[in-house]
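Student: I'd like a close look at one helix packing in this model, please. Take it slowly, and then show me what lies beyond it.

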Amino acid sequence: NNRDWAMQLGSFSNWLVRRGADDGSPAVVRELSQRARPELGVRTRALLRTVDALDVLPRDPLQEISAGLAIGGGVVVESPNGIVFLPDSALAINAADQGATVRFDRRYRMEQLIDGAIRSILDDQKPEVIFVHAEDRSMLVSAADGFDCTAMSDACRAARISVREWRITDEPRPIVTGRTVWMIIPTRTVAVERDARERALLEAIGGLVTAGEPLFYSLGPSLRPLAGRSDPWSEIATTLGARAISDAVIVDDIPVAEGRTERRTKMDVSVIPSDNPLAQALDQQRLGFSVAIPVTAMESSLGISSQSVLAAREGPSRSIERDWRRRTPDPRSTKLMTEPTSVAVATTRRDPTSKSLRAIIVGSPSWMVSSVVDSARSLGGGRDALLNPGNREFAVNGVLWLAGLDQRLGNSGSGRESPRIGALSVRKRLEFTSGLALGIPTASVMIGLIISMWRSRK
């Protein structure tokens, strides 16, 4: 179809770009690259426009049901307001036999699917999320290093949220209608000078901000403030209503030997209780970031209202490192955290027409990728438990909140895909250890005395 042709033309165009920039390429190849690239770009954009025009057309539920039944069974959720079909294949997504990193409890998976189907029928709204990135490949396809959005796209589809992507280096801006949310995937390179991909991504984000589109905006640490330069990512966050400190990173300096510590950036993130519907929907969820920078709410003004929703808790070894290149603590740049530090902010601002514009700013560049979302530990018996189940819930509920569908917010089955037994405290460990060390021998002696006394009475 046209989408496949567009992807093939885009891949061929990228190959020509690489070969044209290679001094070792034959002259005829470099000449072909310069001559053919513009035409390939025009053809690719034309094909994608036809795809977008078809994607925004309303879908016929009966056609969806017949197509699903043609390839297998499924579940039909029917009400006077509409019909939703859940194919059997939906249960197999991210299952172990699909080569994924985590196995789901299918009971919770089915609960999530049916919950999303019922909610979508009740309000008859069709939210959509578009992943915006500058990678030269699809982020909706699994990658060997886990830097993809397959886990997040799966969670969104299970909640009846349509999923698309915008590869800004190869495709024109998609045509959208209705409740569309744009989720920004930052570039992986961290450098002072901006390359072509980052410039293109920043330009695309700027266009979305100017158009007043709802943004799920993520950013990470930057070298630019350390080099005395302004950081465009932080400037965009300020425009959206949050203050991002991109030259700082929240770290844990864990003692590993006498006089030696190991610096770690992975951490659990907690929900800040508030009256914000998003915070209430995420209550008691367990989230995890591989790296986090402080993102705080700006003072509410006439046009912008900001509220922190996620925070990193304080700890005896946790601090904010203002020079995140350091591998060891330094009194000049390391400040011990004595209170929770905000890492995600939800903002609402008004445009000249008094329309409400929502945004979520997250101080972590990789919280949404599969390597973080699908982090799991084995429970034995072929079962895994997610370490960061709240990341999925944050994405789904964040998209719904940004789309203005507050009535659909809430925890689903995947949010409870967590260890059933919590960590033991030091006191409990001592109790169990003493019980095993003293209790069992004492019980054996007591049983022996009872048997001896019983025999002596005969």
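Tutor: Let's start with helix H6 (residues 150-158) and helix H11 (residues 389-402), whose axes come within 9 Å and cross at roughly 60°. That angle makes H6 oblique to H11; angles under 35 degrees count as roughly parallel, over 145 as roughly antiparallel, 65 to 115 as roughly perpendicular, and the rest as oblique. The axes are lines fitted to C-alpha atoms, for helices over the stretch in contact, with angles running from 0 to 180 degrees between N-to-C directions. Helices (H or I, at least four residues) and strands (E, at least two) are DSSP runs, numbered from the N terminus.

A word on what you are viewing: this is a predicted model, in which local features need pLDDT of at least 70 and side-chain atom pairs count only at pLDDT 80 or more, while totals for chains, interfaces and linings use all residues. Residues are numbered from 1 along each chain as its sequence is written, and side-chain values use heavy atoms, with hydrogens and water left out.

Back to the pair. The crossing of H6 past H11 is right-handed, meaning that the near helix is turned clockwise from the far one by less than a right angle. From H6, Ala151, Met152, Ala155 and Cys156 meet Asn391, Arg392, Ala395 and Val396 of H11, where contact means heavy atoms within 4.5 Å. By class, this contact holds six nonpolar residues, one polar and one charged. Here Ala, Val, Leu, Ile, Met, Phe, Trp, Tyr, Cys and Pro count as nonpolar, Asp, Glu, Lys and Arg as charged, and the others, Gly among them, as polar. The spacing on each side has a simple background: an α-helix has 3.6 residues a turn, so residues three or four places apart point the same way.

H6 is mostly covered, with eight of its nine residues buried; buried means under 20% relative accessible area, exposed over 50% and partly exposed in between (1.4 Å probe, protein chains only). Among the buried ones are Met152, Asp154 and Ala158. After the helix comes arginine 160, with a positive phi near 65°.

Beyond its neighbours within four places in sequence, phenylalanine 216 touches partners including Met183, Trp367, Phe394, Ala395 and Val399.

For contrast, take helix H7 (residues 196-210) and helix H8 (residues 232-240): their axes come within 11 Å and cross at roughly 10°. H7 is therefore roughly parallel to H8. Glu198, Leu201, Leu202, Ile205 and Val209 in H7 meet Pro232, Trp233, Ile236, Thr239 and Leu240 in H8. That contact has eight nonpolar residues, one polar and one charged.

Stepping back, the protein has twelve helices and 19 strands, and 45% of its 458 residues count as buried. Of its contacts with a separation of 6 or more, 70% join residues 24 or more positions apart.
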